[in-house]
Amino acid sequence: MPALINVPAKAKRGDVIEIRTLTSHIMETGFRHTADGKLVPRDIITSFICRYNGAEVFRADLFPAIAANPYLSFFTVARESGKFEFEWIGDNGYSSTASTSIMVE
Amino acid sequence: MNVPVTRRNAVLGITVAATSLIVPSILRAQSAGRIVVIGGGFGGAACARALKRADARLQVTLIEPNKTFISCPLSNAVIAGLRQMEAQQFGYDKLAAEGITIVAQAATAIDTQKRSVTTADGTAFGYDRLVVSPGIDFQIEALPGYDAAATEKMPHAWKAGAQTLLLRRQLEAMAEGGTVAIAIPANPSRCPPAPYERASLIAHYLKTNKPRSKVLILDAKDSFSQQRLFETAWKELYGDMIERIALSQGGRVTSVDPATMTIVTEFGNYTPDVANVIPPQRAGRIAEIAGATDATGWCPIDPVSFESKLVPNVHVVGDACLGGGIPKSASAASGQGKACAAAIVALLAGRAPAAPRLTGVCYNTVAPGYGFSLAGNYQPKGDIFAEVEGGATSPVDAPRELRAREAAETERWFETITADTFG
């Protein structure tokens with residue numbers, strides 16, 4: 001499943017807008033063992049970045065205690081029409097991106 | 001044995017003497033105790049009946065505004081047109097005949113200091129012990145847009161009665177090819193598997209009458225009770241008629257707009273033709289009036305006596321209590337009502353109540369002649385009820401004969417529990 005993104009399609013200049021993201025990921029902690037005693041290797045998303053017309057507006061570091069399918073919600077100020085880009089980076093070279101646009105009046 | 005006389009036990013001795021000589025002579029002249037039960041559902045009615053049967057001298061008063069009880073169990077079959085509403089209705093005549101005083105009023109105020117309940121008509125009822133079994137109310141503030149008027153356009157049908165029939169009529173009126181959305185809240189909620197049974201039976205109605213239509217589940221949960229059984233049955237019986245958007249797919253409903261029939265989730269908007277919106281829940285309002293609810297909106301209890309942890313001499317049973325591992329169901333409420341009655345009888349006699357062993361049973365019918373079940377055993381463990389060994393769920397791979405047998409058992413279970421409570 002691709003990432004789920006919720007950014008208002010339109011906003012007034014200066015509005016505080018809520019952005020919601022949810023991406024599918026196992027978030028394997030690296031602390032669990034299989035039935036035969038082998039450690040299940042860690043496989044988590046380690047960081048998330050949101051850019052607004054190229055400039056970083058939000059970043060988060062993620063850790064093993066965060067549940068599968070991380071859901072992040074945050075706020076920013078609608079300054080100009082353009083593009084929000086989202087990037088998730090994780091263990092084993094994991095990388096995933098998504099983008100959406102906004103019209104600011 | 002020589003016990004040194006101290007100020008403390010000397011005083012105690014006087015108290016004991018006073019109690020044993022004077023108070024009992026007053027008590028003997030009266031009944032064994034006054035119990036008021038608020039709420040005549042599976043929990044309250046079972047409790048009232050068990051109290052009176054345990055000790056005929058108890059004055060048991062059951063306060064319930066509705067003269068007819070309408071059962072939620074099997075009401076999904078009414079929505080799907082497989083059952084008549086009349087089969088869901090029960091009266092309190094048999095309870096009255098056993099000597100229980102039935103008061104057809106709403107309880108509106110409780111004074112836990114004076115131990116008195118007041119009803120809407122202003123009558124006050126004193127009690128030694130109060131049992132509160134009000135079922136659920138909705139957390140309307142948790143679902144913006146879902147006010148009283150919205151329930152007429154987007155029925156919850158989560159309290160059986162007019163809402164059940166409204167949803168039924170909306171399904172009948174829907175055009176072929178339409179979408180029926182079911183919004184499901186997170187737990188704790190009344191009867192956790194029931195929304196999925198409802199989705200199944202609505203799909204059965206649509207497949208039979210409007211086969212191009214769809215059921216869309218918008219779910220605030222990722223996993224649910226008996227999920228594999230449901231999903232296997234859906235595939236087998238209904239192909240892709242039922243679509244489910246789980247929590248991690250953005251299924252949690254955050255608000256509704258009845259004017260445009262819009263259901264808003266965290267990641268999208270939906271405009272179904274029929275919207276069955278089941279809002280988040282909490283204990284029935286009177287539990288809050290009693291002061292028995294905590295920040296969760298539910299009632300913490302001592303799992304042995306069902307006595308509230310917040311107010312003395314008030315017991316809470318059924319959906320309203322925090323039952324730990326026990327899912328909120330008619331079967332659990334009935335068991336809790338009876339166990340609470342036994343605890344009250346023991347407490348009134350000055351004995352410690354015995355730890356109850358409870359069983360919860362849940363039957364699901366996904367189509368006529370296709371049922372499965374879950375049974376669990378529960379015992380007090382520390383502060384709450386914990387599930388213990390001996391539970392069983394129907395196998396996922398089972399022949400249709402077993403499903404047919406379990407569907408027939410569902411009917412027998414219903415006849416048994418309603419006869420036990422009201423018959």
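How many bridges join S4(A) to strand S5 of chain A, and do the two run parallel or antiparallel?

Analyst: S4(A) is joined to strand S5 (residues 55-61) of chain A by 6 bridges, and the two run antiparallel. This is a predicted model, in which local features need pLDDT of at least 70, side-chain atom pairs count only at pLDDT 80 or more, and totals for chains, interfaces and linings use all residues. Residues are numbered from 1 along each chain as its sequence is written, while chains are lettered from A and ligands numbered from 1 in the order in which they are written.

Helices (H or I, at least four residues) and strands (E, at least two) are DSSP runs, numbered from the N terminus, and two strands pair if DSSP finds at least two bridges between them. Within S5(A), Arg59(A) is the bridge partner of Ile49(A). The hairpin formed by S4(A) and S5(A) has 2 residues between the strands, and Asn53(A) in the turn has a positive phi of about 50°. Strand S4 (residues 45-52) also pairs with strand S7 (residues 82-90) of chain A, in the antiparallel sense and over 7 bridges. There, Ile89(A) in S7(A) is the bridge partner of Ser47(A).

Chain A also touches chain B: 7 residues of chain A are in contact with 5 residues of chain B, contact being defined as C-beta atoms, placed from the backbone, within 7 Å. On the side of chain A that touches chain B, strand S1 (4-6) and strand S3 (16-22) of chain A each supply at least two residues. That side has 3 nonpolar, 3 polar and 1 charged residues; Ala, Val, Leu, Ile, Met, Phe, Trp, Tyr, Cys and Pro count as nonpolar, Asp, Glu, Lys and Arg as charged, and the others, Gly among them, as polar.

Chain B has 12 helices and 22 strands. Its radius of gyration is 24 Å, close to the 22 Å that the globule rule gives for 423 residues, so chain B is as compact as a globular protein of that length; the radius is taken over C-alpha atoms, and the rule is 2.2 Å times the number of residues to the power 0.38. Of these 423 residues, 46% count as buried, that is, with 20 or more other C-beta atoms within 10 Å of their own, C-beta atoms being placed from the backbone.

Chain B is divided into domain 1 (31-138 + 282-354) and domain 2 (140-279), with bounds from an automatic or database domain assignment. The centres of the two domains, taken over C-alpha atoms, are separated by 30 Å. Across their boundary, 20 residues of domain 1 are in contact with 23 residues of domain 2. Helix H4 (75-79) and strand S10 (136-138) of chain B are the elements giving two or more residues to the domain 1 side, and H4(B) gives the most, with 5 residues.

Strand S11 (residues 179-184) of chain B runs parallel to S17(B), to which 4 bridges join it. Val274(B) in S17(B) is the bridge partner of Val180(B). Both faces of strand S17 (residues 274-277) are covered, with Val274(B) and Asn276(B) buried on one side and Ala275(B) and Val277(B) buried on the other. In H12(B), the buried residues include Arg403(B), Glu406(B) and Trp413(B).

Definitions and conventions: Contact = placed C-beta atoms within 7 Å. Buried ≥ 20, exposed ≤ 12 C-beta atoms within 10 Å, placed from the backbone.
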